Amino acid sequence: MDTVLPTFLDPASTVAAWIIIVGMAFVTALTRFAGYWLVGKKELNADIKNLLSAVPPAVLTAIVAPAIVTGTIAEWVAALVTIALAWRFSTLTAIAGGVLSVVVLRALLS
Amino acid sequence: MSNLQNTFLRGWIDITPMAIGAAPFGLIVGATASQAGLEPWEIIFMSAAVFAGAAQFIALDMWQSTMLSVFGALSIIGSTLLVNLRHILMGAACAPYLNQVPLLPRLLFIYVMADENWALAMKQAHSHGYTTAGYLMGMSIPFYVNWIFWSYMGSQIGNIIEDPRDYGLDFVFTAVFTGIVVGFWRADRQTLVVVASVVVSISVYHLVDGAWYIFAGGVAGVVAAWLRSRIQNRRENKT
C-alpha cells in the first residue's frame, strides 16, 4: 500500500488532509462569493428585489422546518412557544423561552 | 462611544446567544477531527479556512470511512459544496446592502458569512434598510474566533459535553431562526414563501440522500414568491 499512492491513502497523511481542507475552503468561499457576484452592484428592478426579499424567510425556514419535524413532542411544543413569543415580544425573549421550554419538556417527557 | 464602537458592540451582543449555542458543536467537531487523525493545527486550519459547521461535520464523518482515496477526497469536497449551496442564495440576498459597506469589511463578511451572522444582518437590513461595517464585524469576528476556539478545545479536552441536547443548546439555532422568520413574516406576510419552504425542505429531507434540503427549500420559497408576483401582475393587468 505504501508504494502505491503512498500519501493519499494514509488517513493520517498531512498532505492529503491539507489538500482536502483547501478544497473544502475553496468550494465554500465560491458559494459565499457567487451570490454576491451574481447580484453585484446592478440596479435591481422590483421583480428581482421581490425575489431576493423572499430568500431570508425561505432559507431560514428550510433550515429549521426539518429540524423541528424530525424532533419529538418537546421540540414541536417548544417551536410553538418560540413562534408565539416571537409574535408578541423580542427575538431574545423568544430564544430564551424556546430553549427553556425545550429543556423542561425533554426532562418531563424522558 | 463612537458610532463604530456602538454598532460593533450591538453586533457582538446580538450574536452572543448563537456563539454560546455553537460552542458544544465546536467541541464535537474538534473531538471528531482528532479521532479522525487530524492534528490540532489542522483542525484550527480547517475551522479558520472553511468556517462552515454543517459542512465540517459531514466531512469529518466521511473522513474516517473514506481512507482518503482520491474518490473519497472528491466526495468530501462535493458534499461540502452541496451543503453550502444555500450561500449562493444568501449572498445574493444581502448583496444590495453590502454594497453600502467599505470593501475590506464587505469581503471579510462574505468570507465568513454563515447562517447566523447572515440572518442577523438581513434582520437589521430588513428593519433599518441598511447594515453597517461595525455591526457586521461586531457579529462576525467574535463568532469566527469562537468557532475556531471551541473546535480547537474539542481536540484538546474531547467532547466534555456528552450531548448538547441535555442543555437545550441545540435548540438555540432553531429558536433564533424561528424567531427571525416570525419577524419577517409579521412584516411582509410571506405566507406562501414560508409554506413552500416548509413543504419542500421536509419532503426533500426525507426523500433525497445528501444535504439538498436547505437549498431546495430556499429555491422553493423564491419560486413561490415569483409565482405570487406573476399572479398579482396578471390580476392588475386585467383590472
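## Chain A: order of elements

Read from the N terminus, the elements of chain A follow the order α-α-α-α-α. The chain has 5 helices and 0 strands. The model is a predicted one. Of the 110 residues in chain A, 40% are buried. Among contacts in chain A with a separation of 6 or more, 33% join residues 24 or more positions apart.

Helix H3(A) has 24 residues, which at 1.5 Å a residue should span 34 Å; the C-alpha atoms at its ends are 35 Å apart, in agreement with that expectation. H3(A) also carries a kink of about 30 degrees at Val55(A), shortly before the proline Pro56(A).

## Confidence

The model has an ipTM of 0.90 and a pTM of 0.88. In chain B the mean pLDDT is 91, with 97% of residues at 70 or more. Within chain B, confidence is lowest in helix H3 (residues 53-66), where the mean is 85, and highest in helix H6 (residues 103-111), where it is 97. Where pLDDT is low, predicted coordinates should not be read in detail.

## The contact between the chains

Chain A contributes 61 residues to the contact and chain B contributes 74 residues. On the side of chain A that touches chain B, at least two residues come from each of helix H1 (6-9), helix H2 (14-39), helix H3 (46-69), helix H4 (73-88) and helix H5 (91-109). H3(A) provides the largest share of that side, 21 residues. Sorted by class, the side of chain A that touches chain B consists of 46 nonpolar, 12 polar and 3 charged residues.

## The nonpolar core

The largest nonpolar core contains 115 residues. Those with the most contacts inside this core are Met24(A), Val55(A) and Val59(A) from chain A, together with Cys94(B), Val172(B) and Phe177(B) from chain B. H1(B) supplies the largest share of the core, 12 residues. In soluble globular proteins, nonpolar side chains tend to be buried together.

Val55(A) is the site of the kink in H3(A). Cys94(B), leaving aside neighbours within four places in sequence, is in contact with Trp118(B), Ala121(B), Met122(B) and Ala125(B).

## Helix H7 of chain B

Helix H7 of chain B covers residues 115-128. Its 14 residues reach 20 Å from the first C-alpha to the last, close to the 20 Å expected at 1.5 Å a residue. Because 10 of the 14 residues of H7(B) are buried, this helix is largely enclosed by the rest of the structure. The buried residues are Asp115(B), Glu116(B), Asn117(B), Trp118(B), Ala119(B), Leu120(B), Ala121(B), Met122(B), Lys123(B) and Gln124(B).

The buried residues of H7(B) pack against elements of both chains: H3 of chain A, and H1, helix H5 (86-98), helix H8 (133-157) and helix H9 (171-188) of chain B. Just after H7(B), Gly129(B) has a positive phi of about 85 degrees.

## Individual residues of chain B

Ala33(B) is part of helix H1 (residues 3-35) of chain B. It has 26 C-beta neighbours inside 10 Å and therefore counts as buried, the cut-off being 20 or more. Apart from neighbours within four places in sequence, Ala33(B) is in contact with Leu38(B), Ile43(B), Met46(B), Leu60(B) and Ser155(B). Ala33(B) and Ala92(B) are 59 residues apart in sequence, and their C-alpha atoms are 32 Å apart in space.

Ile148(B) lies in helix H8 of chain B. With 18 other C-beta atoms within 10 Å, Ile148(B) is partly exposed. Not counting residues up to four places away in sequence, Ile148(B) touches Ile44(B), Ser47(B) and Ala48(B). Ile148(B) and Ala23(B) are 125 residues apart along the chain, and their C-alpha atoms are separated by 9.7 Å.

## A loop residue with positive phi

Phe51(B) sits in the loop between helix H2 (40-49) and H3 of chain B. The phi of Phe51(B) is near 45 degrees, a positive value in a residue other than glycine. Phe51(B) is buried, with 23 other C-beta atoms within 10 Å.

Note on methods:
Residues numbered from 1 in each chain as written. Chains lettered and ligands numbered in written order. Predicted model: local features only at pLDDT ≥ 70, side-chain atom pairs only at ≥ 80, totals over all residues. Contact = placed C-beta atoms within 7 Å. Helix = DSSP H or I, 4+ residues; strand = E, 2+ residues; numbered from the N terminus. Nonpolar A, V, L, I, M, F, W, Y, C, P; charged D, E, K, R; others polar. Buried ≥ 20, exposed ≤ 12 C-beta atoms within 10 Å, placed from the backbone. Core = buried A, V, L, I, M, F, W, Y, C linked by C-beta atoms within 7 Å. Expected span 1.5 Å × (residues − 1). Bend = angle between axes of the 7 residues up to and from the residue. pLDDT = per-residue confidence, 0-100.
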